[in-house]
Amino acid sequence: LTIRRGFSPDIGVNTLFNCSNFLNRLEDLNIKRIFICGLPFETNVKEIALMLKEAKFDIVIFEDAVKPRNPELYKAAKQDLEIAGVRFMRTSQFFD
């Protein structure tokens, strides 16, 4: 199942992921783990990962498929996510 946040600049990052119907649908489909990629890492990716982690999903971020807008903020954002229990892996590990 691939979920795209959207392509319109008018749609906020949290619109889809804050929708209780969306979270309920994931639960109905028995989805337990979500893999995330995208940009910018230190804002959008981080916020989505933390929201979904709070909703009790197992979150994995493909660290070679994200990019920070500000590289200096990457390390701190990654540390915050790791503390929250978000895991990181490379896409090559997934496809092995």
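In the predicted model, Lys78 has a relative accessibility of 18% and therefore counts as buried, the cut-off being under 20%. Lys78 forms a salt bridge with Glu63, with the closest N and O atoms 2.9 Å apart. This pair links distant parts of the chain, since Lys78 belongs to helix α3 and Glu63 to strand β2, 15 residues apart. Glu63 is partly exposed, at a relative accessible area of 24%.

The structure holds 5 salt bridges. One of them joins Lys46 to Asp80, the closest N and O atoms being 2.8 Å apart. Lys46 counts as buried at 18% relative accessibility, whereas Asp80 counts as partly exposed at 36%. A salt bridge is also found between the side chains of Asp64 and Arg90, at 3.9 Å from N to O. Because Asp64 is in strand β2 and Arg90 in the loop between β3 (87-89) and α4 (91-95), the pair ties together parts 26 residues apart in sequence. Asp64 counts as partly exposed at 33% relative accessibility, as does Arg90 at 41%. Salt bridges with shared partners join Arg33, Asp58 and Arg87 into one network.

Asp58 lies in strand β2, which spans residues 58-66. Apart from its neighbours within four places in sequence, Asp58 is in contact with Lys32, Arg33, Ile34, Lys53 and Arg87.

The largest nonpolar core comprises 18 residues, of which Ile36, Phe41, Leu52, Ile59 and Ile61 touch the most other members. Two or more residues are given to this core by each of α1 (20-28), β1 (33-38), α2 (41-54), β2 and α3 (71-83). Helix α2 supplies the largest share, 5 residues. Contacts of Ile36, leaving aside neighbours within four places in sequence, are with Val45, Ile48, Ala49, Leu52, Ile59, Val60, Ile61, Phe62 and Val66. In soluble globular proteins, nonpolar side chains tend to be buried together.

Over the whole chain, the secondary structure comes to 4 helices and 3 strands, in the sequence pattern α-β-α-β-α-β-α. Of the 96 residues, 31% count as buried. Among contacts with a separation of 6 or more, 71% are between residues 24 or more positions apart. The accessible surface of the chain comes to about 6,600 Å², and carbon and sulfur atoms account for 51% of it.

Notes:
Residues numbered from 1 in each chain as written. Predicted model: local features only at pLDDT ≥ 70, side-chain atom pairs only at ≥ 80, totals over all residues. Heavy atoms only, no water. Contact = heavy atoms within 4.5 Å. Buried < 20%, exposed > 50% of the residue type's maximum accessible area, 1.4 Å probe, protein only. Areas by Shrake-Rupley, 256 points an atom, 1.4 Å probe, with all protein chains shown as cover. Core = buried A, V, L, I, M, F, W, Y, C linked by side-chain atoms within 4.5 Å. Salt bridge = Lys/Arg side-chain N within 4 Å of Asp/Glu carboxyl O.
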